[in-house]
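Please open the model in your viewer and keep the selection panel at hand. The stops below each give a selection and a description of what is found there.

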Amino acid sequence: MTAAPLLPEIRVEEQAAPGRVREFFARDRLLTAYALADLDAADVERARWWTATRDDQVIAAALVVEALAFKPCFASGEAEALAAIFREGVRESRLVVSTPPAGRLAVESAYRFERVDRMHRMAVDVASFQPRVAHTITRLGPDELEDVVDLYGHASRTYFTPDRMAREIYFGIYAGTNLVSAAGTHVRSKRAGLAAVGNVLTRVAYRDRGMATSVTSAVTTAALEEHADVVLNVRQDNSPAIAVYERLGYRVHAPFIEGPAVRRSALDRIFGRMR
């Protein structure tokens, strides 16, 4: 009997040429929109990334945004190669990991999820978009920063900065002098032609009035003026939100999982699965 040939060795590399990791993520640009935006020239110094190659072909990659306190991480690729990245490359003690469902076991080879949210990546373009604005909408910028922090909570002050409000697209609805609903873009990439909508929030007393639809529609309209596609994330069990986004023309592109994860100790990595 002839032994099966061994596969070429997997090689993990940190900070490979940005073009190589960008090319890998661009294979599914809607799913990897956040990572592609973080690889833009203006933001590339905010991130670290790792690639895993076989025969000099990138078969997995992970990117961590170090500029944000909660250290978001996007990872995808072949399971064995992705596991090697998390074992040998990524060393953060705590991350918020997003990965396709098939990547979960690879992440768990070195990290323990504290919670796993099952998510959908939804997307829209000019051809499918159906705008719906039924309220008076205000563009939000640095001058409205205090109103934005008041809406999202004072813990958000480190996230919402004058630079962010000037850079991203935010719209809101006021009731008198109070900002009661808002939405905006998390990231944008002119190079990849993508924008990611999020932070959709309405004060409890003003919900069920269609405000979330109006502010999401306004942000999407503005984003599509500059980008070919707009994406957003939603929990798979959030049927009311999915219905809102579908009325705007968004469609589910792909599932993924997301959650906070802590790095396992060496012993835990060896024996954790036996418990």
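A residue counts as buried when its relative accessible area is under 20%, as exposed when it is over 50%, and as partly exposed in between (1.4 Å probe, protein chains only). This is a predicted model, in which local features need pLDDT of at least 70 and side-chain atom pairs count only at pLDDT 80 or more, while totals for chains, interfaces and linings use all residues. Residues are numbered from 1 along each chain as its sequence is written, and side-chain values use heavy atoms, with hydrogens and water left out.

**Aromatic pairs**

Rings of Phe, Tyr and Trp (its six-membered ring) form a pair if their centres lie within 6.5 Å; planes under 30 degrees apart are stacked, those over 60 edge-to-face, and the rest tilted. The structure holds 7 aromatic pairs. Select phenylalanine 86 and tyrosine 111: their rings are edge-to-face, at 5.9 Å centre to centre and with 80 degrees between the planes. This pair links distant parts of the chain, since phenylalanine 86 belongs to helix 3 (residues 79-88) and tyrosine 111 to strand 6 (residues 111-113), 25 residues apart. Helices (H or I, at least four residues) and strands (E, at least two) are DSSP runs, numbered from the N terminus. Phenylalanine 86 is buried, at 0% relative accessible area, and tyrosine 111 is buried at 0% as well.

Next, select Tyr152, Tyr159, Phe160 and Tyr170, which form one aromatic cluster.

**Charges over rings**

A charge sits over a ring if NZ of Lys or CZ of Arg is within 6 Å of the ring centre and within 35 degrees of the ring normal. Then turn to arginine 121, which lies over the face of phenylalanine 256 at 5.2 Å from the ring centre.

**Helix 1**

Select helix 1 (residues 18-25), where Val21, Arg22, Phe24 and Phe25 are buried. Viewed down the helix axis, these buried residues fall within an arc of 160 degrees (taken from the directions from the axis to the C-beta atoms), so they line one face of the helix. Among the elements that cover them are helix 2 (33-38) and strand 2 (47-54).

**Two buried residues**

Alanine 47 is in strand 2 and is buried, at 4%. Alanine 47 is in contact (heavy atoms within 4.5 Å) with residues including Gln15, Asp38 and Leu63. Finally, select serine 217 in helix 7 (residues 211-224), which is buried at 0% relative accessible area.

Note on methods. Lists of a residue's contacts leave out its neighbours within four places in sequence.
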